[in-house]
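Please prepare a short briefing on the structure shown below. Group the points by topic and keep the cut-offs with the terms.

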Amino acid sequence: MNRLQAAFSKPHPAFVAFATAGDGDTAANLDALVAGGADVIELGMPFTDPMADGPAIQSANLRSLGKGTTTADVLQMATDFRKRHPETPLVLMGYANPMIRRGAEWFALAASNADVDGVICVDIPPEEDGELGPALREKGIAPIRLATPTTDAARLPAVIEGSEGFLYYVSVAGITGKQQAAIDSIEANVSRIKQSTDLPVAVGFGVRTPEQAAEIAKVADGVVVGSAFVDLVGEFGDAAPAKLQALTSAMTSAMRAARS
Amino acid sequence: MTENTPNSFRTQPDDRGHFGEFGGRYVAETLMPLILDLEREYRAAQADPAFQAEFDDLLEHYVGRPSPLYFAERLTEALGGAQVWFKRDELNHTGAHKINNCIGQILLAKRMGKTRIIAETGAGQHGVATATVCARFGLPCVIYMGAEDVARQSPNVFRMKLLGAEVVPVTSGGATLKDAMNEGLRDWVANVHDTFYIIGTAAGPHPYPELVRNFQSVIGTEARAQMLARTGRLPDLLVACIGGGSNALGLFHPFLDDPDVKMLGVEAAGHGLDGDEHAASLLGGVPGVLHGNKTYLLQDEDGQITEGHSISAGLDYPGIGPEHAWLKETGRVEYTAVTDEEALEGFKLLCRTEGIIPALEPSHAIHAVAERAKQMSDDQIILMNLCGRGDKDIFTVAEKLGVEM
């Protein structure tokens, strides 16, 4: 069983926590998320043009790039994380251009050397995934795809085909960190998706409070939280880790209570 | 030309939207069903004679097409070489070629039952053209414009507001055209149920590069027929400026399979190609993925997008339509770049020889025409697309020339 499978085989739903690499003290931020109970770490690769992200993660990207964060830095952060946390899966999330700049195979090899478990590329849909997905699979890295409320029955099989690790259900048709979808709609869509795949389904976009996380935990295999953490890093900077750990603890406790 | 010269240069893209290795549909999953839907609707519209008839009617009676084909006699004399002819798309309603595409796309929006229009704009020409067609069809309109460009192009901002559009200044990133396009895509993702995104150039995810090119191809189709009627022959060289590349494709595409017609696309070299203050994606960039398509981009070694610079707000986009990337790779079209200073020379030259104040975008092409014409003989013909008029740019030009207004 690989690290991602193990994370989704625990008795509680997986908590997937996002941080933008190079925004604040990344190592301390990631450690705080793990200490708070995060089951999977999503490490955002900063990009100048994050089209699918709302203001919170856009700002985090710019803060990180403003400090001069490079692709090599991001990979080093992943490598260092693995040394400190041998069991916690780490997934790189980002946009196509920084991932394919030196070629998909270069990126897959570099991610493999950093012992990364999965990669989420926002803007490579299955139709264009002829290079990155195969290169990642070749290196044993899970290509994790996104399904959305607009992914209809006709498209869903194409999205699932070639996906590994887990399926990331984007609960709202929109950008990160904005409004949250109604729980009824999330439940219906997750159940629809789970009829087509054995992959765990994690739900994200717009989840900001322990109450929301708990609601989703009742109907999904995992909950993804990003903007709420990124906002804390933006507000508290180097003092963010304590806040991140507290929010993670509150969310994971609420999720476990909801399922028990 | 490369060894793999295709039988026709006019059959791109393939059915997945690829121009060779370029183009495609690199969008978030949320947008995929939408652009697939748009493609289905566009194919249906293409097959519907009523759609084409309404498009043609509006172009004739509302836009003022066909635009004239004009022999620039005094410019030709001044240059002392090839004959210079202009396709006068600056005489269109709203003063640029942009309106051709906007008419086509708003008819598609109407056909799809969309009730809200969004667009991005750089110089403001596409924003004005979009606001214009929205007023004409009574649809609410939101224009995303980089805050830098809002400051540089205040007359066009006022025009858009007069036409009833809401202009949203975009402050993220570098606050220019690429950031406005990011914001347009974000709006679209969140409002997919009722909103149509009118993209202003032949870029973005498939089918936009194809449909924008096709709507703009009226330029080259008219020019080809006009040139044959007036001179009994085809031109030797076509010239057009390139930001995203829609006016150039509009002129070039109908001539692509005329092997004796050479073509020159003119990018903005800004302060020069040797530095990083230019907007020449093809000559100074490398292939990558941005805004839904694979194409040449200005970017650093980590794939971060860098800001383009040009005196012309309409050219400082860090990407280029994917069909141009393919036309460059195949060698069918030659590309060059012209600096801010050289474009200003072209601007002044046309004002004084022909009594036409051009936009700064085609002023780049005018400079390239002047260079080429001198190397050609007087029985040869250069045809340039004069794609926009310069009213919007007189403040920028005055500032550059040190004139207080």
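Patches are made of residues with over 30% relative accessible area and no salt bridge, where like charges are joined within 9 Å and nonpolar side chains (Val, Leu, Ile, Met, Phe, Trp, Tyr) within 5 Å. This is a predicted model, in which local features need pLDDT of at least 70, side-chain atom pairs count only at pLDDT 80 or more, and totals for chains, interfaces and linings use all residues. Residues are numbered from 1 along each chain as its sequence is written, chains are lettered from A and ligands numbered from 1 in the order in which they are written, and side-chain values use heavy atoms, without hydrogens and water.

**Charge patch**
- A surface patch of negative charge brings together Glu105(A), Glu131(A), Glu138(A), Glu21(B) and Glu329(B).
- Asp and Glu count as negative, Lys and Arg as positive, while His and the chain ends are not counted.
- The place of a charge is NZ of Lys, CZ of Arg, CG of Asp or CD of Glu.
- A salt bridge is a side-chain nitrogen of Lys or Arg within 4 Å of a carboxyl oxygen of Asp or Glu.
- Accessible areas come from the Shrake-Rupley method with a 1.4 Å probe, and for residues only the protein chains shown count as cover.

**Glu329(B)**
- Helix α13 (residues 322-330) of chain B holds Glu329(B); helices (H or I, at least four residues) and strands (E, at least two) are DSSP runs, numbered from the N terminus.
- Glu329(B) counts as partly exposed because its relative accessible area is 36%, between buried (under 20%) and exposed (over 50%), with a 1.4 Å probe and protein chains only.

**Chain B**
- Chain B has 16 helices and 14 strands.
- Of its 405 residues, 65% are buried.
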